[in-house]
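Please consult the sequence and the structure while reading.

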Amino acid sequence: MEFKGSSVYEETDFLSNYLQRRNRVDSPNNSIEKPVVYDLLGSVQDKRILDLGCGDAQFGKELMDLGALYYHGVEGSEQMSKLASQNLHGLQGKVTKSAMEAYDFPQEDIDIVTSRLAIHYLTDVEELFRKIHDNLKADGKFVFSVQHPLTTSSFESKKTGERRGNWIVDDYFEEGERHEPWIDKIVVKHHRTIESYFASLTKVGFTITGLREGMPRRQDFQNIEEYERRKRIPVILAFSCSK
């Protein structure tokens with residue numbers, strides 16, 4: 001069985017395994033993607049933030065601790081939405097259960113829109129980028145990360161196990177659906193090139209102010225072997241854009 005969008009997180013066994021893996025100290029989420037996103041965000045003091053595909057909103061809780069004025073998470077999974085509401089309890093934030101592509105943007109001032117490792121699930125990114133651009137404040141910022149296109153081009157090497165020693169890059173310029181074996185499930189993602197992301201962002205009016213490929217930093221890893229392994233290939237791609 002294949003899972004599209006956030007539907008895989010409704011599988012209790014998958015969700016439990018996913019959270020356990022993601023929360024490892026040396027997971028790529030914590031050791032690579034997180035430092036990049038925070039670098040691109042800069043100060044969030046007194047900012048109103050919209051987070052698309054917010055997951056359990058632990059990120060939102062951290063942003064509030066850093067001085068964000070308000071946080072609004074959008075999440076398509078019922079189970080993740082419940083976890084998000086629990087994490088935001090008592091804070092100036094809320095969660096809306098909706099797929100990000102179907103979300104009806106509120107008529108409110110949004111300083112920053114974020115999305116972390118979620119947009120690669122979408123078929124049409126240009127329409128989402130247009131909605132984000134139209135609803136940001138005049139000087140607003142859009143910061144997002146996706147799985148790096150070098151790793152989404154082919155999942156052939158994942159058939160040998162989750163911890164790959166080598167990565168196959170193939171059909172890079174053939175954009176479209178990819179079926180990834182992930183935590184004993186098959187998850188549908190959408191491969192597109194770096195050039196394609198860039199073109200879609202600029203077409204809707206964004207100015208790209210930062211592009212990062214998540215080069216590992218030694219201080220973000222406890223395990224030296226994992227650090228050396230992660231230097232072999234980029235696993236995330238992140239953009240910072242301004243309106």
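The cover over the buried residues of α7 includes α5 (125–135), β6 (141–147), α6 (149–152), β9 (207–212) and β10 (236–242), where contact means heavy atoms within 4.5 Å. Helices (H or I, at least four residues) and strands (E, at least two) are DSSP runs numbered from the N terminus. This is a predicted model, in which local features need pLDDT of at least 70 and side-chain atom pairs count only at pLDDT 80 or more, while totals for chains, interfaces and linings use all residues. Residues are numbered from 1 along each chain as its sequence is written, and side-chain values use heavy atoms, with hydrogens and water left out.

In α7 (residues 194–203), Ser196, Tyr197, Ser200 and Leu201 are buried, that is, under 20% relative accessible area (1.4 Å probe, protein chains only). These residues lie on the same side of α7 because they cover an arc of only 130° around the axis, taken from the directions from the helix axis to the C-beta atoms. Glu195 and Lys203, on the other side of α7, are exposed (over 50%).

The open sheet has 7 strands in the order β4-β3-β2-β5-β6-β10-β9, with mixed pairing; two strands pair if DSSP finds at least two bridges between them. Its edge strands, β4 (93–97) and β9, each pair on one side only. Strands β3 (residues 70–75) and β4 run parallel and are joined by 5 bridges; Tyr71 has Gly93 in β4 as its bridge partner.

Two helices contact this sheet, with angles from 0 to 180 degrees between N-to-C directions of axes fitted to C-alpha atoms, for helices over the stretch in contact.

| Helix | Strands contacted | Angle |
|---|---|---|
| α4 (residues 78–87) | β3, β4 | about 170° to β4 |
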